[in-house]
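Okay, thanks for coming, everyone. Let me put the model up and then walk you through a few places in it.

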Amino acid sequence: MGFEINKLVAAILVTVLIVFGIGKISDIIFKVNETGIVAYKVEEPARSSSEAKAESSVEISSLLSLGDVTHGAKVFKKCAACHSINKDGKNKIGPKLYNVVGRATGATSDYKYSKALISYNKTWTFEELNSFLIKPAKWIKGNKMGFPGLKNDKDRASVILYLNQNSDNPQPLP
């Protein structure tokens with residue numbers, strides 16, 4: 001009986017050695033050079049600005065009707081680590097957001113924006129904020145905001161309403 005167990009263990013060991021040996025020998029024969037570069041990279045097809053707008057354009061008045069300012073204050077806590085919302089607030093990692101609705105992008109004079117945001121040259125409208133907040137890095141490529149975005153419509157609408165409320169002159173809702 002002991003001799004049978006020895007044969008079984010030997011067979012398992014030989015099988016493992018053969019499998020690993022074949023792997024090592026094939027690496028030597030076929031010389032695998034791992035450069036870390038992806039051999040075939042699939043690029044996202046280029047989209048026109050109208051296609052990008054259509055993807056993110058939701059009837060903004062319908063979207064804003066989902067939100068409320070109180071909920072926006074709660075959701076904004078995610079943003080407060082990098083942005084201040086107070087009238088006399090200071091810039092943090094990100095620019096202060098008081099009076100942001102209706103302001104030109106990259107317009108806070110005492111904040112150093114990314115080149116992408118400075119050259120974007122638009123106004124923070126309700127629609128623009130909605131599109132940006134879905135996924136900031138995708139909407140304005142090259143901006144330095146690392147936030148992944150707000151996918152939930154109610155959360156996004158509430159934050160936009162909250163931002164609008166925190167202003168000297170809140171914009172009229174559409």
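I'll start with a helix pair and then move on to some loop residues.

Quick housekeeping: this is a predicted model, so local features need pLDDT of at least 70, side-chain atom pairs count only at pLDDT 80 or more, and totals for chains, interfaces and linings use all residues. Numbering starts from 1 along each chain as its sequence is written, and side-chain values use heavy atoms, with hydrogens and water left out.

So, the helices. By helix I mean a DSSP run of H or I with at least four residues, numbered from the N terminus. Helix H6 covers residues 126-134, and H6 and H8 pack at about 130° with their axes 10 Å apart. Those axes are lines fitted to C-alpha atoms over the stretch in contact, and the angle runs from 0 to 180 degrees between N-to-C directions. That makes H6 oblique to H8; under 35 degrees would be roughly parallel, over 145 roughly antiparallel, 65 to 115 roughly perpendicular, and oblique is the rest.

Who meets whom? On the H6 side we have Phe126, Leu129, Asn130, Leu133 and Ile134, and on the H8 side Arg156, Val159, Ile160, Leu163 and Asn164, where contact means heavy atoms within 4.5 Å.

How enclosed is H6? Largely, because 7 of its 9 residues are buried. Buried is under 20% relative accessible area, exposed is over 50%, and partly exposed is in between, with a 1.4 Å probe and protein chains only. Phe126 and Glu128 are among the buried ones.

Now past H8 (153-165), where serine 167 sits in the segment after the helix. Serine 167 is buried, at 12% relative accessible area. A polar atom of its side chain is 3.2 Å from the backbone nitrogen of asparagine 169. Leaving out neighbours within four places in sequence, serine 167 is in contact with Tyr98 and Asn99.

Asparagine 99 is in the loop between H4 (69-75) and H5 (115-120), and it's partly exposed at 26%.

There's another positive phi, about 55°, at asparagine 121, also not a glycine. You'll find asparagine 121 in the loop between H5 and H6, and it counts as exposed at 68% relative accessibility.

Last one: glutamine 171, also in the segment after H8. Glutamine 171 is partly exposed at 34%, and not counting residues up to four places away, it touches Val101, Gly102, Phe126 and Asn164. Phe126 and Asn164 are also among the residues where H6 meets H8.

Note on methods
Helix = DSSP H or I, 4+ residues; strand = E, 2+ residues; numbered from the N terminus. Polar contact = N/O pair within 3.5 Å; in protein donor to acceptor, adjacent residues only side chain to side chain.
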